[in-house]
Amino acid sequence: MSFDDNLHELAEFVVNHGLSLGADQVEAYTLYGSAKSVQVERGAIRRFTDISNSGLGIRIIKNKSLGMASTTIFTRESIENCVKDAYELAQVSPPDPNFNSLPFDDKPSPDILDRFDQAVVDIDVEEFTEMILQSIQQAQITDDAIISGNFTTGYGKRFIINSQGIDRTSTQSSVGGYLGVKIEEGDDIGNAYYYDASTVLSKFKYEEIGKVAGERAKKMLGSKKIDTAILPVLLDPDSTYGTIEPILANGINAFSVFNKTAFFVDKIGDKIADDKLNISDDPFYPGGTDSAPFDDEGVVPQKLKLVENGILQTYITDSYTAPLVGLENTGHASRSSFSSGPRPAPYTLNIAPGEISKDNLLEELKEGILLIGSPIGSRGSNPQISAQINQGFFVKNGEILYPVKNTVIGSTVFDIYNKIENLSKETENRNGHQAPWMLLKDLKISGGK
Amino acid sequence: MLDTLEEIINKIQLSNRDFLDIRYGYAMGESFTVRNGRFDSVSNQTTGGIAVRALIDNFWGFTTIVKTDRESILKAVNKAMKMARAGSKYTKQERIIGDDWVFEGSGSTKIEIDPREIDKETKFDKIVQTEKTAREYSDSIVEASSSYQESHSKEIIVNNKGTKVSNETHVIRLIKNIVGRQGVKMQNVFDSTGGAGGWELVEKWDPEKEGLKSAILVEKLLMAREPPSGKMNIIMDPSLTGVFIHEAFGHACEADGIIAKNSILEGKMNKQVGVEGINVYDDPTIPNLRGSFEYDSEGTKARKRTLVENGILKEYFHTLETATALGMEPNGSGRAMNFNVAPQARMGNTYVDNGDMTLDEIAEITKNGVYLKDSYGGYVVPAKGQFYFTCQLGYFIENGEISDMMGNVGMSGMTLEVLQNTYAIGKEWEPAFEGTCGKGGQWVPVIGGGPNLGVSDLVVGGTN
């Protein structure tokens, strides 16, 4: 017997089988998905790929001890072995006194607009390739531009069933891709990439991928090393989101808060950033690639205000961490794969705009760095930042002079949040991620000159 | 399984120019993590399935399935061939695989003590005691964690050129990560041991000693000076030399990037890329290292690769396709993370070979700069030749002497400059960087290593 065609039945079998072995609580997390990819190399199509992305993850609790097992093989024998493995691990692993219970939630899960598009599933690989060829054409900014990339279309169906009564199913489609463009003029190299992703085929901006990647590669020609200095840094919306989001994801997730490695431990109600910073999280944002009707434990989340006027409003939690930090379960459990356990993580952040125009921000920059698609990267729970600039430009008197190379920003996550000088009134919305342009004052810039 | 795959591939009619391979992959492993006194992951993982690649009329079709019966495999073969034929009209380049490289045999990581025979309590004890010792050392240790991982994978590869290979790889690892905090200042120390082999590689790990060592270091780092900023001379320890050579140079030597014209080393074969005394190798045949294996995921026998000899670029990392395209020998670099992905040109155990200087001698000629230790990892943009890597700690070098400790920091450099800017090579190389390398969404175990290395003009991104 195989469960290939009925993963809901598989998940039910896992829960019942685990309980029959003697487990106190059981959870089955099942993913069924497939993905078609088209690889681009040197401006032409190189490979078609069609793969399955399916797997089962099991959590079993016995006397407060945890056992987990996962498999991609859906035969009855393999599933039974997987349940047995999880149960045996739960029997031998030490109990966790902090464990309360797997969640129960009977709130109806909302329908999210544009979460699933049959056109994404139905598109023929050759039809998809024709779209990609148009993107490549846009990227061909010079005759000898070198263009590489990858495009994927697919869908995933998620089933979560646990012994406490959770029984959820959800399907999401996704289409996305990126192109990297390299232009050489002698020893001078201009290199850039751009991507887009969507849940809906008609909203996938495939031509823009090529156009932006090509234009940016051309602008990256003539890069120079600069002197070490303290300078203001202006970030485009992509860079703003990529800088602000990871700091918040570590800073307010209840698992790290409980372990005291979060950046913002004991800071609810306190100022963690400049007054201008306002951030909310919308799990149900229509068409958001990170939106979801329920979290990775089956709990329906809430829209949350996370930061208001620079003041931290709450932490994000899941079933394990909510009681540990004395908050409600906000439904933010997230798994990196079907084989991983859940941890709290944000869905789709909206970083609110300011009042000044982005053109004014640039015009008023007397001397500084402009980052385009180049976040100031932080690393896990480490508050020290030492981040290379991948796509940055030297600006003088509001004029973009040249791209910089071999340049590193040295700072801390706390400084980044507190040095927000201004936010633009214009925002960009990338797959539900919304952010304005952001001006940071006085950052240490290490140059290679 | 080998017989089934062979029978299927023998039935398929293809022209001499075309290529087809079928790869069976099965892997199982277990991993445990204890964090702040409680187990937050106790997990067993199994993956398995079939991958089929068809290269027909210069175009690749690739598909995977989780069923392993004969009929399902045949269907997958036909699907991959159909995809390749459908795509051939889109390609602009000639793309073939030569007939000359046929491999038959079987390989396996040598194991003295099979970890599957060790009881769970013994494995738990290693990590529980490591974590507990570190956590209880002082109040400023806010998070201590330790993990145990073992994986056992098998690949069977057949292709229409005649290759028939079966290969098993066993990898084991113990990890510790200790985080200290004083107010807004945080520092962490990460370390691991293990490699390709069995329990014998981690048996000697003394949990109390390891936990204590890291906790003491974290305490010192919390009191350490802030790292400097700007362009300066750097001495790297073997761990940092390892990640440096991996990021700065190894990735640029991957021949799929060369063919895609996405490497700064394209066109540099047999040209001077570094100072005369520098030699760089990658050797997956060294026993027991994390990036060791006998056959790659295309069935090619792995061998030592000479990347740089006396500063001259000598070899790339090859798959069957890249070796054919560039008229070179394949060297067993086609690695796939699991059955669900296609092989790419990858590194194994990459290292800079020994020179003849002691650390004190290198510090003396460095005069002023920093001595950086213990890598956290890094990344590179091979097309641009710009790389970045990070260290866990370092020391100032003042007037030729190693002085005060400093905290973690990141560095940036340019691939074509750094090997030319190497001014000192230490006496003894160590495979000190035990990493997991990411490329195209695939993660494979690797080693980076070397001796202490003195390099000028790297950019250090500190706050002072």
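**View 1. Lining of the second largest cavity.** By class, the residues around the second largest cavity comprise 3 nonpolar, 8 polar and 1 charged. The model shown here and in the other views is predicted. Two or more lining residues are given by each of the strands β16 (384-388) and β19 (408-412) of chain A. The greatest contribution, 3 residues, is that of β16(A).

**View 2. The largest cavity.** The structure contains 3 cavities of 30 Å³ or more, and the largest cavity holds about 240 Å³ of space. A total of 21 residues line the largest cavity, and those nearest its centre are R59(A), L66(A), Y320(A), R38(B) and D40(B). At least two lining residues come from each of β3 (55-62) and β4 (65-71) of chain A and β2 (38-56) of chain B. Among these elements, β2(B) provides the largest share, with 3 residues. The lining is made up of 9 nonpolar, 4 polar and 8 charged residues. Domain 1 (7-218) and domain 2 (223-449) of chain A each supply at least three residues to the lining of the largest cavity.

**View 3. The second largest pocket.** This view shows the second largest pocket, with a volume of about 580 Å³. The pocket is lined by 21 residues, and the closest to its centre are Y32(A) and S52(A) of chain A together with T64(B), I65(B) and V66(B) of chain B. Sorted by class, the lining residues of the second largest pocket are 7 nonpolar, 6 polar and 8 charged.

**View 4. The interface between chain A and chain B.** In this interface, 75 residues of chain A are in contact with 80 residues of chain B. The size of an interface is often expressed as the accessible area that is lost when the parts come together. Between chain A and chain B, the buried area is about 6400 Å², and carbon and sulfur atoms give 51% of this area. The two chains are also linked by 7 salt bridges. A salt bridge joins K79(B) to D50(A), with 3.2 Å between the closest N and O atoms.

**View 5. The two domains of chain A.** Chain A is divided into domain 1, covering residues 7-218, and domain 2, covering residues 223-449. The C-alpha centres of these two domains of chain A are 24 Å apart. Contacts between them involve 45 residues of domain 1 and 36 residues of domain 2. The area buried between the two domains of chain A is about 3100 Å², with 55% given by carbon and sulfur atoms. Across this domain interface, 4 salt bridges are found.

**View 6. Salt bridges within chain A.** Over all chains, the count is 57 salt bridges. In chain A, K203(A) pairs with D114(A), and the closest N and O atoms of this salt bridge are 2.6 Å apart. K203(A) is in the loop between β7 (188-198) and α5 (206-219) of chain A, whereas D114(A) is in the loop between α2 (76-92) and α3 (118-122) of chain A, so this pair ties together parts that lie 89 residues apart in sequence. A further salt bridge connects the side chains of R158(A) and D296(A), with an N to O distance of 2.5 Å.

Technical notes. Residues are numbered from 1 along each chain as its sequence is written. Chains are lettered from A and ligands numbered from 1 in the order in which they are written. This is a predicted model: local features need pLDDT of at least 70, side-chain atom pairs count only at pLDDT 80 or more; totals for chains, interfaces and linings use all residues. Side-chain values use heavy atoms; hydrogens and water are left out. On a 1 Å grid over the protein atoms alone, a cavity is a set of points where a 1.4 Å probe fits but cannot get out, and a pocket is an open set with protein on both sides within 12 Å along at least five of seven lines; lining residues have an atom within 4 Å of a point. Grid points are joined across faces, edges and corners, and a volume is the space filled by probe spheres set on the points. Ala, Val, Leu, Ile, Met, Phe, Trp, Tyr, Cys and Pro count as nonpolar, Asp, Glu, Lys and Arg as charged, and the others, Gly among them, as polar. Domain bounds come from an automatic or database domain assignment. Contact means heavy atoms within 4.5 Å. Buried area is the accessible area (1.4 Å probe) that two parts lose on being put together, summed over both. Helices (H or I, at least four residues) and strands (E, at least two) are DSSP runs, numbered from the N terminus.
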